[in-house]
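Subject: Structure for you to look through

Hello,

Here is the structure for you to look through. Please keep it open while you read the notes below it.

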Amino acid sequence: MDDNGNTKSRRTFGRLAAVLTALGVAVAGQAAATAEGAAASTGRKALDGVWRADGYSTIFRIDQGQLTSFDTTAISCLQGLLAAKQTAETRDSASFTADKGFRQLTIHAQGPGRARLRYLGGAGAIELRRLPGLPGTCATSTPSDPVKVFDIFWATFAENYPFFAAKGIDWQAVRNRYRPRVGPGTGEAELFAVLRDILKELGDAHTALLAGENQFSRPLRPRTRQLEGVPAFLAFNKRVQEFIEKHDTGKPLKTWGQGVIGYADLPDGLGYLRLAAFDGYAAGGFTRNSAELNRALDEIFTRARTSGPNRLRGLILDVRVNLGGYDALGLQLASRLTGKPYPAYAKQALNVPGDPPGFTRAQRLRVRPATAPTYTGPIALLTSSLTISAGETFTQAMMERTPRPERIGENTQGAFSDFLWRTLPNGWSFALPNERFLTRTGTAFDVTGIPPHLTTPGVFSDKELNGGHDAAFDKALSYLRHQGRAHLRPGQIRHPARTVR
């Protein structure tokens, strides 16, 4: 996630694993578009100054080619984690880079006192409004005592977290219960335990707390397999892939992107495509990940597989273990799976807490067909509670596709939003979600997750993995064979390599 909550992903898969422990990155998103062109001094002059984000409780200051963020609440203003240097400009835009080139963002002037910020690799944009200057609270030091730390932590959630009602949580009651445990003499370990316990109550995969060596992240929804730490996740993902190759495809997957993307042809003209994340395909940021994804999709969706007599009759698309990444990569994949444009989802951020809460104007995203060969046939989309973040926004982006993918498995995790990263006056940082993603008809699946059409309980449970029986995969085969049977001539249907239970 970006320091300002505008990406779900900020590392390659190897680094993603480290961030999963430290940051809980499932990472959502950083929206695309880096401005290029001849430098013009009017670009920087037009954007220099102070800007407040609509939603996100963030202020940005641009001064002499440097961008600095400030995290605000009703009781505080602290310098944020994002500090970026301008790398390019045009007449009405400026591009900035942070984290040694890993993160890129562009700000476009939209008119008097208005601008729009986009993060490379995400979906949507952040609307900005010009301020006459930094609020006075941003220029004063904030005490770093434990009580102030607790109050800013609590206030940040109170002003930005959209899902208290959906989770049945009384946030004021949470404060009343935990605040007495914190006083001027509270030690770091005890304070960390208090904030960690609050996050555990929320059970939200897009929360995290970083305090030096003390780190807590990704408290998944109850009754979800809890993969705590990098080794646990990597071991489980390896176990799942070996299970699939032994019991489902019957052969090793051809892989790309450091093993994160895998594909195999199946009998009866079917294909199997697995993505363990929408990140980590190549060292570096979004651009290199996007190029590697395109390379994989070019080799998978060849003209032979997408057109002609031997084209794919059906595709199993497996995101059952997908911890997220860049939302834009999910849209990139979706663009290779359609022949016509259609609505993906709308995105908005909480900007007025309360009951009912108020949100920013919904930004509507679309899936547009790629210029490369596209697969337009039937899809069985496999999901589970370990389909998280960008894995979920991708699943949502497939819902309006024609023909509609048949979702098989379990509800996704229910954590769509980008991380909103915040600082605390004692130097700690934490993250929370502040956005919701809506379908074309205005439905949100936060907290509950996107439900399948065909439910197969216990996806990748120990019972299923030890028993060698993949119920979701079997249902996908059955569904696709039924869909494709009318298009196959007698004698074309080959015997499967395994029995469908």
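Salt bridges

Arg295 and Glu299 form a salt bridge, with their closest N and O atoms 3.2 Å apart; the term stands for a side-chain nitrogen of Lys or Arg within 4 Å of a carboxyl oxygen of Asp or Glu. Both residues belong to helix 8 (residues 286-300), and because they are four residues apart, about one helical turn separates them. Helices (H or I, at least four residues) and strands (E, at least two) are DSSP runs, numbered from the N terminus. Arg295 is partly exposed at 39% relative accessible area, and Glu299 is partly exposed at 32%. Here buried means under 20% relative accessible area, exposed over 50%, and partly exposed in between, with a 1.4 Å probe and protein chains only. The two residues also belong to a salt-bridge network made up of Lys254, Glu292, Arg295 and Glu299.

A word on the source: this is a predicted model, in which local features need pLDDT of at least 70 and side-chain atom pairs count only at pLDDT 80 or more, while totals for chains, interfaces and linings use all residues. Residues are numbered from 1 along each chain as its sequence is written, and side-chain values use heavy atoms, with hydrogens and water left out.

The structure holds 24 salt bridges. One of them joins Asp418 to Lys347, with the closest N and O atoms 2.9 Å apart. This pair links distant parts of the chain, 71 residues apart: Asp418 is in the loop between strand 21 (406-409) and strand 22 (419-423), and Lys347 is in strand 16 (residues 342-352). Asp418 is buried at 0% relative accessibility, and Lys347 is buried at 6%.

Helix 5 and its surroundings

Which residues of helix 5 are buried? In helix 5 (residues 171-178) they are Trp171, Val174 and Tyr178. Seen down the helix axis, they fall within an arc of 50 degrees, so they line one face of helix 5; the arc is that of the directions from the axis to the C-beta atoms. They pack against helix 3 (146-160), helix 4 (164-167) and helix 6 (188-202).

Arg175 is partly exposed at 21% relative accessibility, whereas Asp151 is buried at 15%. The charged end of Arg175 also sits over the ring of Trp154, 5.6 Å from its centre. That term requires NZ of Lys or CZ of Arg within 6 Å of the ring centre and within 35 degrees of the ring normal.

Aromatic pairs

There are 18 aromatic pairs in the structure. Rings of Phe, Tyr and Trp (its six-membered ring) pair if their centres lie within 6.5 Å; planes under 30 degrees apart count as stacked, over 60 as edge-to-face and the rest as tilted. Phe157 and Trp171 have ring centres 5.4 Å apart and planes at 40 degrees, so this pair is tilted. Phe157 lies in helix 3 and Trp171 in helix 5, 14 residues apart. Phe157 is buried at 0% relative accessibility, and Trp171 is buried at 6%. Ring pairs link Phe153, Trp154, Phe157, Tyr161, Phe163, Phe164, Trp171 and Phe430 into a cluster.

Regards

Methods. Contact = heavy atoms within 4.5 Å.
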